[in-house]
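Let's take a walk through this model, starting with its strands and ending at its pocket.

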Amino acid sequence: LRTSELEGREVVARVRVGTDVAAAREAKLVLVTVKSAQTADAGAALAKVLPEGAVVVSLQNGVRNADVLRAALPGRRVLAAMVPFNVIRRGPGAYHRASAGALRVEDGGPWDVV
């Protein structure tokens with residue numbers, strides 16, 4: 001994954017990604033990016049495979065999505081997040097933050113999942 005920012009910073013990282021819920025079976029961190037109408041379904045599917053203690057970050061439009069995920073995922077830490085900027089896809093695995101703003105994630109306590 002290659003990311004770049006408006007100010008010129010660039011980061012390259014190796015990540016495992018998947019769209020099949022089975023890919024989350026051993027995940028320590030999951031980013032939920034489905035449309036709001038699919039949040040409950042995503043939470044129910046993740047509840048079947050996601051390990052206890054996993055962190056789930058709701059990167060979705062809307063103010064209720066994190067609560068929907070919290071209800072579906074007891075034993076996991078669900079955090080709301082906000083993306084106040086636009087991102088453009090430059091190519092396969094390459095994304096660029098093209099406007100100002102900083103990603104905001106709810107404070108979830110100590111970060112020991114990495």
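This is a predicted model: local features need pLDDT of at least 70, side-chain atom pairs count only at pLDDT 80 or more; totals for chains, interfaces and linings use all residues.

Residues are numbered from 1 along each chain as its sequence is written, and side-chain values use heavy atoms, with hydrogens and water left out.

Look for an open sheet of four strands, in the order β2-β1-β7-β6 with mixed pairing. Strands here are DSSP runs (E, at least two residues), numbered from the N terminus, with helices (H or I) needing at least four; two strands pair if DSSP finds at least two bridges between them. At the edges sit β2 (10-12) and β6 (87-91), each pairing on one side only. Follow β6 to β7 (residues 94-97) and you'll find antiparallel pairing over four bridges, with V87 standing opposite R97 in β7.

Now for the largest pocket, which holds about 2,200 Å³ of space. A pocket is an open set of points on a 1 Å grid over the protein atoms alone, where a 1.4 Å probe fits, with protein on both sides within 12 Å along at least five of seven lines; lining residues have an atom within 4 Å of a point. The volume is the space filled by probe spheres set on the points, which are joined across faces, edges and corners.

Its lining takes 44 residues, with L1, V17, L31, T33 and L59 nearest the centre. Among the elements giving two or more residues are α1 (39-49), β6 and β7, while β3 gives the largest share, four residues.
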